[in-house]
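Here are my notes on the model, point by point. Please read them with the structure open.

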Amino acid sequence: MSGHGQVVCVTGASGFIASWLVKLLLLRRYTVHATVRNPNDQTKVEHLLGLEGAKERLHLFKADLMEEGSFDSAISGCHGVFHTASPVLFTVNDPQADVLDPAIKGTLNVLTSCKKFSTVRRVVLTSSMSAVLFTGKPRAPEVVVDESWFSDTELCKESSMMWYTISKTLAEDTAWKFAKENSIDLISMNPGMVIGPMLQLTLNATVAPILNLINGAKTFPNAAFGLVHVKDVATAHILAFEIPSASGRYLLVETVAHYSEIVRILQELYPSLSLPDKCADDKPFAPTYQVSKEKVKSLGIDYTPFKETLKGTVENLKEKGFARFDSQ
């Protein structure tokens, strides 16, 4: 489907997923209203302005998640809204101000703006596997996680490390309630840890752990999680908007791997690289699990294989000067 004549809004457009979303939307000939906190900050918008089609069909708007009504001008006249703006912070000083308020109140502010304009026919929310996995159910190699799983925030509050998870879970829950009450056609995309080439100039939180491994970490964390290529995530968002029958939630995970497996593949790809050979603790390895691909198949997504995704991530880190080792 061509986006010719279609106008869409992407919130938080300078972010990792959002930048790819803007790129692919422009290539599909959509007109894009991109919101950023400061349109004059070249470090945040330069890569967007340089995208193919940006001169003709990209319009920057100033908007802030915490300001009621600040998304009105960006969403006015749009046929669809991609709400990706939300803090991705895994360590926080003030949970309420740093992640909870921007995620929850920000989502409400965006949806309230969507409600004002009858042109908006669908909203695609960027949620996370964080809003899926933490149910209290055991995870194991034979367990299949699907769209019916929803994280339990009370359970998450038992750990001070889980504010990001809580913010994503509450934001998605809030979005579903608001959408139902106000007859908004909402779809939620729930990606795992998103890696792949960065378009933006700054390092993002989900690529940073890969950089840490290749830049001299002495140990690897004892954790397993779902991984997916950023381009596949952006493509899935667009298809969820374009396909009339799309509905509900979509889990976006190509593979689930333990850090030890990521290290093993990195060693295979880059034999001369000095990588951590021991785990950060001596507990049994965190179990892997399966993530159902049944529902996402209906969007026609063909995932990039993980090894290829990992290589693309590392090559991009080298190109951007983040990774310090010589080319192999």
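**Notes on fold, salt bridges and cavity**

1. Glu172 is buried, at 0% relative accessibility. Buried here means under 20% relative accessible area, exposed means over 50%, and partly exposed lies in between, with a 1.4 Å probe and protein chains only. This is a predicted model, where local features need pLDDT of at least 70, side-chain atom pairs count only at pLDDT 80 or more, and totals for chains, interfaces and linings use all residues. Residues are numbered from 1 along each chain as its sequence is written, and side-chain values use heavy atoms, with hydrogens and water left out.

2. What does Glu172 form with Arg249? The two make a salt bridge, with the closest N and O atoms 2.7 Å apart. The pair links distant parts of the chain: Arg249 sits in strand E11 (residues 248–252) and Glu172 in helix H8, 77 residues apart. Helices (H or I, at least four residues) and strands (E, at least two) are DSSP runs, numbered from the N terminus. Arg249 is buried too, at 8% relative accessibility. A salt bridge is a side-chain nitrogen of Lys or Arg within 4 Å of a carboxyl oxygen of Asp or Glu. By this rule there are 13 salt bridges.

3. Glu242 and Arg28 form another salt bridge, their closest N and O atoms being 3.0 Å apart. Glu242 belongs to helix H10 (residues 230–242), and Arg28 to the loop between helix H1 (16–27) and strand E2 (31–36), so this pair ties together parts 214 residues apart in sequence. Glu242 is buried, with a relative accessible area of 10%. Arg28 is partly exposed, at 26%.

4. Arg264 and Glu268 also meet through their side chains, in a salt bridge of 3.0 Å, N to O. Both lie in helix H11 (residues 259–269), 4 residues apart, about one turn of the helix. Arg264 is partly exposed at 42% relative accessibility. Glu268 is partly exposed, at 42%. Salt bridges that share partners join Glu261, Arg264, Glu268 and Lys307 into one network.

5. How many cavities of 30 Å³ or more does a search of the whole structure find? The search finds 1. A cavity is a set of points, on a 1 Å grid over the protein atoms alone, where a 1.4 Å probe fits but cannot get out. Grid points are joined across faces, edges and corners, and a volume is the space filled by probe spheres set on the points. The largest cavity holds about 60 Å³.

6. Which elements give two or more residues to the lining of the largest cavity? They are helix H5 (95–116), strand E5 (122–126) and helix H8 (163–181). Lining residues have an atom within 4 Å of a point. Among them are His83, Thr107, Leu125, Lys168 and Ala171. By class, the lining has 4 nonpolar, 6 polar and 1 charged residues. Ala, Val, Leu, Ile, Met, Phe, Trp, Tyr, Cys and Pro count as nonpolar, Asp, Glu, Lys and Arg as charged, and the others, Gly among them, as polar.

7. Last, the overall build. The protein has 13 helices and 14 strands. Its radius of gyration is 19 Å, close to the 20 Å that the globule rule gives for 328 residues, so the protein is as compact as a globular protein of that length. The radius is taken over C-alpha atoms, and the rule is 2.2 Å times the number of residues to the power 0.38. Buried residues make up 55% of the 328.

Definitions and conventions: 1 Å grid on protein atoms, 1.4 Å probe; cavity = no way out; pocket = protein on both sides within 12 Å on 5 of 7 lines; lining within 4 Å.
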